[in-house]
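Please read them with the structure open.

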Amino acid sequence: MINVLFVCLGNICRSPMAEAVFNGLLKEQHLQNQIQCDSAGTSDYHMGETPDKRTMEVVLQNKLALDHKGRQFSADDFEVYNYIIAMDEDNKKNILRLESSATQKSYKVFLMREFEDKAQNLNVPDPYWSGADGFIEVYEILWRSCQNLLDYIKKEHQL
C-alpha cells in the first residue's frame, strides 16, 4: 500500500480538503486498494475536531466525501507515509524539524503546489480567515495539484 499524508497548520481546512480531493480521484480511478491517504496538522490547535464548516461545504458541493478528525503530525509519520505533502513552506519547515538523523526521509516531503502546472506561488493559501471564495480557490488549487500528484505516484510505482 502506498501512503500519502497531506499536512497544513491546523488540519481543518487545506489538508482535509486535499484528503477529500485525493480520495475522490483514487475512487474514480479504482486505486483505493493501492493508495491511501490521510491528513494532519503541524500544530495541535484542532486535534480531534472535524474540518471547518466551510471546508465541508466545498467538499460536499463537489460531491466528495470526508470523514476526518484533526490530528497532529508526528515524527512517526515519516515511517508510515511514502509521500508527505505540505501545504506551504512554513509547514514543510515544521515537518522537517521533526525529522531525525535516524529517519532522513526529507526526500519524501513535497509542497502541494510543486505538482501544479505553472504555479506562480508554491504555497497553498490558508483560507481560514477568508470567506467562501478563499475555500473555493483552495479547492481549485488542490484539484489541479492532486491530479498531477496522482499521476506522479502512478508513474513512480508503475500503476
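1. The largest pocket is lined by A20, N23, G24, K27, Q32, K63, L64 and A65. A pocket here is an open set of points on a 1 Å grid over the protein atoms alone, where a 1.4 Å probe fits, with protein on both sides within 12 Å along at least five of seven lines; lining residues have an atom within 4 Å of a point.

2. The model is predicted: local features need pLDDT of at least 70, side-chain atom pairs count only at pLDDT 80 or more, and totals for chains, interfaces and linings use all residues. Residues are numbered from 1 along each chain as its sequence is written, and side-chain values use heavy atoms, without hydrogens and water.

3. The volume of the largest pocket is about 160 Å³, taken as the space filled by probe spheres set on the points, which are joined across faces, edges and corners. Its lining has three nonpolar, three polar and two charged residues; Gly is counted as polar and Lys as charged.

4. Four strands make an open sheet with parallel pairing, in the order 2-1-3-4. Strands are DSSP runs (E, at least two residues; helices H or I, at least four), numbered from the N terminus, and two strands pair if DSSP finds at least two bridges between them. Strand 2 (35–41) and strand 4 (109–111) are the edge strands.

5. Strand 3 (residues 83–86) pairs with strand 4 in the parallel sense over three bridges. A86 is opposite L111 in strand 4.

6. Helix 1 (residues 14–28) lies across strand 1 (2–8) and strand 2, with contact meaning heavy atoms within 4.5 Å. Helix 4 (residues 89–97) lies across strand 1, strand 3 and strand 4.

Technical notes: Axes are lines fitted to C-alpha atoms, for helices over the stretch in contact, and angles run from 0 to 180 degrees between N-to-C directions.
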